[in-house]
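Biologist: I would like to go through this structure with you. Please take my questions one at a time.

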Amino acid sequence: MAIETKQLESMAYLSGLSVAELEKVSQHVFEKAVGRNELIVMEGEPAEAVYFVVSGAVKVFKTSAEGKEQILCILRHGDSFNDVPVFDGGPNPASAVAMTPVNLRGINKAAMPVILREHPNVATNVIRVLAEKVRHFVSLVEDLSFRHVTGRVAKLLLEYAGDHKGAGGEAKPRLTQQDMAAMVGTAREVVGRSLKALEEEGAIKVEHHRIVIANKEILEDMSGVSAG
Amino acid sequence: MHEMPLIRRELCNGCGLCVDVCVQTVLAMIDDIVAIVDAEHCGYCTDCEVVCPTQAIRCPYEIVFAEYYERRETILD
């Protein structure tokens, strides 16, 4: 059964298409419902389709041989994932899991050349979407490769730890991972990884809403701050 | 006592992603605004904060030295 054209407008690839064009493209679009924690795409597997989030939240991630996870992005309504292998013919570059019950729309790999040939506007949209993704991932690569984020997070924790009173007696604010990311100039995903790294080194313990500095010397060492 | 995620009701757009992501069913939508309905079971996983598109939920951390934390807990006990 074809999907109503109006429902396709949120798909970034199909932005700006006429109703007639959407009707034609809708023949190639399928729907899929996924339960919470269900794996949608597995890294390394042959690619079947590009997906678009209609509702819910999807986590795209890579896993190292040691089982460490690096979140690449969290996707919501209108976002696409698994784009690249549909165009380069390679395997899925990352895994994707449903964080909530998720409704998706997808376009099979085999249908994409047909759509691009018949609707050049889609190609323009695809280029824009891929360019946005390249920009996001270049920024992430920069964070992970060149910046010593873990050291800066360690330094931040040292600065904010204590009895929660600043030098002037004012209460020190509690920090979310988003706050920490903004303060050290990185992405939230990278802060999560840094906290895990600090925990593995025995410098901190994350206990519910509390980050306990278990070993100040290790934390100072990792932050590059001399213990003096 | 467990701290809870902080909800800024004025920022909540009622999308319900936080409710859907919470495996402990700590959150629920009440009059289209997220609310904490089962504080006891919150494990502070921060997934609700991660999925929120409007930053209506915040999961702030208290950062303490172990010595201070242990001393304070002893006094409170």
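Biologist: What is the order of the four strands in the open sheet of chain A?

Modeller: Bear in mind that this is a predicted model. The sheet is open and its pairing is antiparallel.

Biologist: Which residue is the bridge partner of A:V41 in strand 7 of chain A?

Modeller: Strand 2 of chain A pairs with strand 7 (residues 95–98) of chain A in the antiparallel sense, over two bridges. In strand 7, the partner of A:V41 is A:A96.

Biologist: Which element gives the most to the side of chain A that touches chain B?

Modeller: The contact draws 26 residues from chain A and 23 residues from chain B. On the chain A side, helix 5 (149–160) and strand 10 (210–213) each supply at least two residues. That side divides into twelve nonpolar, eight polar and six charged residues. With four residues, the element that gives the most is strand 10 of chain A.

Biologist: Which residue in strand 5 of chain B stands opposite A:R210?

Modeller: Strand 10 of chain A pairs with strand 5 (residues 62–65) of chain B in the parallel sense, over four bridges. Opposite A:R210 stands B:E62.

Definitions and conventions: Residues are numbered from 1 along each chain as its sequence is written. Chains are lettered from A and ligands numbered from 1 in the order in which they are written. This is a predicted model: local features need pLDDT of at least 70, side-chain atom pairs count only at pLDDT 80 or more; totals for chains, interfaces and linings use all residues. Two residues are in contact if their C-beta atoms, placed from the backbone, lie within 7 Å. Ala, Val, Leu, Ile, Met, Phe, Trp, Tyr, Cys and Pro count as nonpolar, Asp, Glu, Lys and Arg as charged, and the others, Gly among them, as polar. Two strands pair if DSSP finds at least two bridges between them.
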